[in-house]
Amino acid sequence: MNSQAMLAAEVEENAIEISGLSKSFGSFQVLHDIDLVVGRGERVVICGPSGSGKSTLIRCINALEGFQSGSVSVDGTELGTAMKNIDQVRREVGMVFQHFNLFPHLSILDNCTLAPIWVRGQRRKEAEATAMHFLEKVKIPEQAHKYPGQLSGGQQQRVAIARSLCMQPNIMLFDEPTSALDPEMIKEVLDTMVTLANDGMTMVCVTHEMGFAREVADRVIFMDEGRIIEEGPPESFFGQPRHARTRLFLDQVL
Ligand code: ADP
Ligand code: MG
């Protein structure tokens, strides 16, 4: 490694670095002075009551939201206002939402190859091979030629995960990926996420699936009213929560 490459490797040791992040919608402050560093390969679960700013925080990480103060850097790229940086970060960060947002008029395979072909400039053949690889990973290769409406919610969410993976992201963000699903479909999506975690993917997951948090999280973060109230490894977070608000929340979701 030459010295420049070594410097880059040093800089990029952390996948995400957020410092002093504050954000308001008009006069309403949603995020207050958030500090959060996510190491490469780390799995972070964020939980907290509805309206506490979880979605806004992860939307700041892939520049779906701007912010007023503080800094956010992803893979060593500072998310300032430069559009060039925003494009770069979005290319490295995959995002899976509560609602799968698949294109209804495109087949599962075409959903997965669209961005690699049009954004990455991949050849169709190569994009399709990659798509089949990830559809196998999420265990639905046999659905490749169907349309989203022909699949169950759980299957559609697994397609959404595969579609993100086709862009070869370094980091995956999940915003309540199972909360719109019927109970019997939650496990298949969580199993897919566990597989991804075992592959070493850097993951930030907003979820209230505390079994998942116990199984894969390196760190669990509790947010309330736009602040990080408490964080720790699952054993201590669940075993000895320090703050009354965390305990109250856990009593409700566990
Ligand atoms: P969570 O994901 O924890 O439920 P959100 O980040 O979605 O919380 O929202 C945090 C707060 O910010 C809520 O009070 C919500 O109403 C408000 N909020 C979110 N998005 C917007 C927006 N685009 N404009 C105004 N207020 C918003
Ligand atoms: Mg939310």
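In this predicted model, the side chain of lysine 54 places an N or O atom 2.7 Å from an oxygen atom of ligand 1.

| Residue | Part of the residue | Distance to an oxygen atom of ligand 1 |
|---|---|---|
| Lysine 54 | N or O atom in the side chain | 2.7 Å |
| Serine 55 | N or O atom in the side chain | 2.8 Å |
| Glycine 53 | polar backbone atom | 3.0 Å |

The surroundings of ligand 1 also include Phe25, Phe28 and Val30, together with Pro49, Ser50, Gly51, Ser52 and Thr56.

Leucine 135 touches Ile108, Leu109, Cys112, Ile140, Pro141, Ala144, Val159 and Ala162, leaving aside residues up to four places away in sequence.

Arginine 163 is part of helix α6, which covers residues 153-165. Arginine 163 is buried, yet has no salt bridge. The nearest side chain of opposite charge belongs to aspartate 110, 12 Å away; a salt bridge would need a side-chain nitrogen of Arg within 4 Å of a carboxyl oxygen. With residues up to four places away in sequence not counted, arginine 163 touches Phe100, Asn101, Leu102, Phe103, Asn111 and Cys112.

Methods: Residues numbered from 1 in each chain as written. Chains lettered and ligands numbered in written order. Predicted model: local features only at pLDDT ≥ 70, side-chain atom pairs only at ≥ 80, totals over all residues. Heavy atoms only, no water. Contact = heavy atoms within 4.5 Å. Helix = DSSP H or I, 4+ residues; strand = E, 2+ residues; numbered from the N terminus. Buried < 20%, exposed > 50% of the residue type's maximum accessible area, 1.4 Å probe, protein only. Lys, Arg positive; Asp, Glu negative; His and termini not counted. Near = heavy atom within 4 Å. Polar contact = N/O pair within 3.5 Å; in protein donor to acceptor, adjacent residues only side chain to side chain.
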